[in-house]
Amino acid sequence: MKSLRDWLGGNSAAVLALFFLVALFTLALMAPLIAPFAPTAQNLGNTLAEPSWQHWMGTDDLGRDVLSRLIHGAPASLFASLLAVGVATAIGVPVGLLAGFLGGWVDDAISRVIDTLLSFPGIVLAIGVTGALGIGLTNAMLAVGIVFAPGLARLMRAQTLVVKQELYVDASRCFGASLSRILLKHVMPNAVQPVIVQVTLLLAVALLAEASLSFLGLGVQPPQPSWGGMLARAYNYMELAPEQMYAPGIAILLTALAFNTLGEALRQALDPTRRRR
Amino acid sequence: MLANAPRLMLVGRRLVQFVPVIVLATFVVFGLLKLVPGDLAATLAGEYATEERIAQIRESYGLNDPFLVQYGRWLWNAMQLDLSRSFQSNEPVLEQIMHRFPTTMLLVVGALLVSLVVGVPLGILAATNAGSRLDVAVTSLSSFGVALPNFWLAMILVATFSLSWGWFPATGAVRFGTDPAGAIWHAVLPSIALAAGGIAEVVRQLRSALIEILSSQYVRTLYAKGLSPSAILWKHGLKNVAVTLLTVIGLLASRLLGGAVVIEAVFAIPGMGSMVVRAAIVKDFPVVQGVVFTMVILVIAINLVIDLLYTIVDPRVALK
Amino acid sequence: MSDAPLLDVRGLGISFLIGGGSVQATQDVSFSVQPGERVGIVGESGCGKTITGLSLLGLLPRATTRVAGQAMFEGENLVGLPLSRMRHVRGRKISMIFQEPMSALDPVFTIGQQIGETILTHFKVDKKQARERAIEALASVGIPSPARVHDSYPHQLSGGMRQRAMIAIALVCEPKLLIADEPTTALDVTIQAQIIDLLMELSAKQGTALLFITHDLGVIAETCTRMITMYAGQVVEDAPVDSALVRPRHPYTSGLLRSLPRLSARGAVLPSIAGRVPTLRDMPTGCRFAERCAHRQKACAAPQVIEQAGAHSVRCWRQTDLVLPGALTDREAAA
Amino acid sequence: MSAPIVSVQDLRIHFPTQDRRETVKAVDGVSFDVLPGETFGIIGESGSGKSTLGRAVVCLLKPTAGQVKLGGIDPYSLPSAELRRRRRAFQIIFQDPNAALNPRMSVLDSIREPLDIIGEGSRADRSRIAQEMLERVGLRPEFGLRYPHELSGGQKQRINIARVLTVRPSVIVCDEVVAALDVSIRADILNLFAELQREFGLTYLFITHDLGVVSHVSSRIAVMYLGKFMELGPAEEIAERPLHPYTQALLSAEPIPLPSSMRATRRIILQGEIPSPTNPPSGCRFRTRCPFAQAVCASEMPAWREAAPGRFVACHFAGEVTGHPIDAHKTKEAIA
Amino acid sequence: MNAPIKLPSGRIDRRTFLALTGAAAMAGGEAKAQKRGGTLRLSAQSNPSSLDPQTGNSGSDHVILYPLYDSLVEWDYTTLQAKPGLAEKWAYPDPSTLVLTIRDGITFHDGTKLDGAAVRYNLMRAMSHERSNIKSDLGTVAEITASGQTVTLKLKQPDSALPLILSDRAGMMSSPKAMEEHGRDYDRRAVGTGAMKLVSWADNERVVMVKNDSYWKKDRPLQDGMVFQIIPELPTGLRSVTAGQNDLVYYLVPQQKQLIDRARTLGSAVGPSLLCVHAYINYGRAPLDNVKVRQALNWAVDREEFNKATHGGIAETTSTILPKAHWACATEFSSHFSYDPDRARKLLAEAGHPNGLDILGVGYAEQLQVQQQEVLMEQMKRAGFRLRWERYTGPPTPAAFFAEKKGDILLAPWTGRPDPSLTYQLVFGVGSYFNAGRGEGAPGLTEALLATRASDDLAVRKEAFRKLQKIVTDNALHLPLLFRPELTAYSAKVKGYKPNLLGKPKFEDVWLEG
């Protein structure tokens, strides 16, 4: 506990965020065991109910238990974030690494593509990609991942450019190291740190993007619960049951906050200038 | 000050550089939409569709031509500022964009102003009191701002300020040209919803940049010269931080433009965002292309202006 | 030399607050500078020479620093001087120049603006006069076309020119004391020679006293009349330069001088000081150099006080019984 | 006299500036031989191209023109696998001991890296060799488990040395190896270099801006200015009787910790700054700052000639000028 | 008078409806005495696909087209029987000839005269123009002649549906001059004879109209102008009326009824409509080519519960495609299917799916549609259907099902047509676009369809429709659920609004008070 806190730069908020996320992941994995009701069980006789002993957070427009849907929405939201960021990392990191390391026309070409992709608003691209691939969580998150990829590639490229100038890379070349060894042993591990931080921060952005796309009806498809989808539904009942929009909104807010807090703490924890002291 | 030869050269060079960006961007989008499974012609035919009608639509819209021919045709026309017509409504896309552009811009500029007007003082306050309780409060608030889903905030604002209290309109927009006051009145809530993240971003960036500047070696020199702390902050601190601020503005402009898409949906604002979402969904290529084209040009233009401002604010940005 | 020192530092101790506790960075630093005198502070990195310089102008971060002792300057104690008073000392009475002239100049203001604001801060002149004085100051530091440089930004100048500009800023108000913190370390040897030359010339002309902080014994030898050696946050020796170079009294001063390659025959083994400087957190209670000292004895475990013997003040109880070699080769020493 | 182990012929290394508009002529026509077992010193100020030259010798930079022969062979004529194998005999140690170590590798891993690359022997064997080298450079075995950020500059430089030694190099380029170290540590490291040279029969190419250091360690010294050699000769002779005005100025500019009474009365203080290597002066590169410059210096590039056996110099007036400027008003005379 | 109409119970029967609309008609009558004027601001859910009635392709266009165009034939609000419009009368001299007499003295918005030739021009264009979407509407017309104010249509076969067809798009008359002049741009021009003239149309934003001062109908128009604001999201549309930015919003969903009632400043009108919420079935291929499976599907749905959950319980549930109030409705089939999961299971088992059946539905991704899909999923689960949904947004949704043949069923409303024979023809006809399988769903269907258009005697036609409906019901050719009531909400100053059975609001009797 103490060492964890030390590692996170004595940042108590980050420890709290980490615990929140661990709890959330546990909740997500064990949703069926924890949630008091099935997330899709309708009770049309008891719709938009206020919180009660039976339904702690009330029921939605089809009489489903809001708490259960919130819990069952966690895996979708977390999976969505992880998938999007995973896709972005899988594309962005190697591309950035190659561009930065190889330089020359490869770098020029890749950088131009990156600039292009970064020069129009991501969500428009995401909507376009979702349109192309079809509505649904996986597609939407692939789209978001593709949208994030150029940003990560640019970061990775910049990092690689810095690291490849490092003397230990030169030293390794003098020992006759192969390109792959230099990339894997020296460039990657040293370039990837800010990327790790960025990835953590992106998890929050992805979560928000998932919520936005689900809100627009392009993301998680009902009846599978998702926080963004719950908000979209709540939007229709804003006058009748405004409380419907609180729980999913707060869930998104807190999760995004936790990812951000953790990311910022990592940024500080991984800062080499701090380490050297 | 702006209009000297090196700056014009910079503008020229940038414009040349950005031609491939525009071509590439529109090509990517065009290709993306073409990948879309599903028959555009069937969609266009709508409720009265017959097999014959669909085939005929396909023919008349040139949908049978090879992909590159279609794209080439679009690009050729776009170069002559003819963004062709919407498949859906047959209205010229350029007109449609010009019509909606001011609405979206009002929203984005409004959000940008709110971000700066609120964010800059908070950022300065936090940086000059770094480590204090005030700083902790401001930075925590900005953390919340970054994590806040803007459409959720929009919903809460609508529920509170329009539906419960009736202070602001719940939906829609008014064109600035016809009724400036009404336009602003309509833009207040969406701008605030959109600006929440922007405020947080401005605070964070400004705070960290200003802290770095205030702990820099040259600020130490300024103290050593006997300057007062306020002179250091307001003269040197702000001029140096202007570079960061410009970068943030550039970043925000693009991000707010994207955020407008969702916010326009919540408030039913007929802007470019809702237009492109709709068009993307019904595969109205000319409209999607047109909006992407406009947004790319807009982002490029913003970046160009920011680059020019850099040359004023930061002499290190060389003009060659 | 007048008897009343321009600056009289007594028992200066600087500590930093880190986490919950604090560490003592310098302890009991005392020295004085006469008007017009050129004094050098020498020592390796981490010995406290730079923070000593900064503390005199109150430039250490106030929130995390505690300064004890006193530093009398023209009848005022600089330690704990209110900011409003300190501002009239800074730049006007005492100026400071730093090691890295690039980062010490504000990149977004012209050189002229940066000199001008110093003038405007301390004198009631209008902008035009300020400009004239600034160009004059630039000319006086040997900048070839001062009017052009006046309107240039720092990044447009070479390292040597920047350091000249820094000196112009520092000396434009004709201060009584100039603290120069490693002003030539970042420069090439031929440029260093120019800057050293310039500093000597100007300080002589304006009668400005010089407090020269450097790790380079050669630079001290060329510029200063007195040399203060610091080790692990303490002054260990304070003596006239020539005397300290020929016959240092503290083993550390001697060690520093002897480790210079020029004193040994080509290819011969260089005399070195074994071990490392103790860290601030576990400073020995006795002589701080004892662990690395070849002349260590039991009594060195006791705290050492600085004692004056002739022109030397030395923090070593064996100062009188040790005969230590200085910066001369055997041949030079014999001559 | 044995065959040179490193032979550099009219080497030129040019690269574009960051904005790719101009060419930096970092090294612009340099020739010299390094003999086995000697320490060849190269001295120069910043921008002289000395580090570029050092990197070219260990094949980190490809010559724009000219040739570097290592052990009599042009490495770039070899297939890349062969080049990688052969270059191991030619190693470099850098100025910044910290930057030369991968912060994410333990000390032992770093030292063992060259052996891992070669891939000979078992991992245990390689670790043992690495451990031996660690001890050889004067560090206790437990240092192997530490990470670079836990070590001091001197210790890190020792580790860099140990790492290089594992491949049993014949030539080591020492690029400002002590510049970042404190004075007292500096002596230790220089001593270590000397010891290792004796023990392993190493050849050093010692690059530095510090006259004191270079003349202490070197057998021969080359003086470099703006991408060219100005002068080359045995260390004592260069230090005692410099032929080139630049060498003379350099020697006189070096601050020496001597009491004022023993200091030379005259110092040559060069005027102006070092010109940019993107646009070096015509003729003799040093002419813009040379107190003895004549018209011919601008029009004609001085030849690289052997002024005396083993002493090369590039100056139209080498030997004629001996520290007494012809054009006295250009020189500042400073009394120290 | 115009207080929100409280409904006695869940569904609206014919009598209630008549009573309601009667009351509204009275309110309309009072209009003459009231002050007229004001601009009516409406929230419309979708952008018109075109303002040219012949090239448009969306059923939601009509509401916007009605003020701009008059049609040759009009219909009665309550029964949808034909009544004179631009044509003051019509007759069938023989079953294959229709003669229309056009009112004299009517001019288009551009000042040109409406005569027989203009009508002929319009009809010919509808039949032959390459972009016409209504060629099939006039498929039985062989030849058109015009002289003076008389237009004669020679038919290929008897077609009694034509008069009501001429009350739809095909009967909306545009100025021939304007159509010639603008060519393709006529889509955005609209020059009709209607009560309103088009001012401007900003795509997906608004359509602005101003009153036609030389309108031929007496005492009309009552408004100075109309503005349709396009607000795709219904909750937002309603909010815009609540907040006073618009005067009226139509096509609301029944759940919003409670909201309207709560907001005390709003009035509302609700009436049955032809808009049938149903699921199209692709019976051209397995597994739904099996009639037992289709029947099982119909028994698997609890329409009452569906009504309650998704339509606030105020819709008319149904087992046919016509509401009970419609003149052609064979009411005996209206409640044919009820909720019986056991029976559904049994039927499924008989069809060879004892372990249940996977069904892929195609549907809209819009929230309220999704809600309906979710309810259906849960209900059908109990009967052994494992229903999954593939969702699309907007027009691609029907295209996916009808053109690309995705999925087994499509949950999408059918907006209805003035003449019921068209409805049957389009939804079940062989080769019709809306018949995803394109084949004949049941033997005798084509014949029964033809029979509905053979006579212009209403009683004869009614019987023909009964027979046709029997075939459809027996073979369970679609999954009818309910008729979405047309729900319109308006601010207190809106007077005289009454719903119609077609479910596409007309505003000719509406005026603004104050």
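Student: How many residues does the contact take from chain C and from chain D?
Tutor: This is a predicted model, where local features need pLDDT of at least 70, side-chain atom pairs count only at pLDDT 80 or more, and totals for chains, interfaces and linings use all residues. Residues are numbered from 1 along each chain as its sequence is written, and side-chain values use heavy atoms, without hydrogens and water. Contact means heavy atoms within 4.5 Å. By that rule the contact takes 45 residues from chain C and 42 residues from chain D.

Student: What area is buried between chain C and chain D?
Tutor: Buried area is the accessible area (1.4 Å probe) that two parts lose on being put together, summed over both. Carbon and sulfur atoms give 54% of it here. The total is about 3,700 Å².

Student: Which residues of chain C lose the most area to chain D?
Tutor: Together they make up 19% of what that side buries. They are Thr190(C), Glu222(C) and Arg266(C).

Student: How many salt bridges does the rule find across the interface of chain C and chain D?
Tutor: A salt bridge needs a side-chain nitrogen of Lys or Arg within 4 Å of a carboxyl oxygen of Asp or Glu. Across this interface the count is 0.

How values were computed
Chains are lettered from A and ligands numbered from 1 in the order in which they are written.
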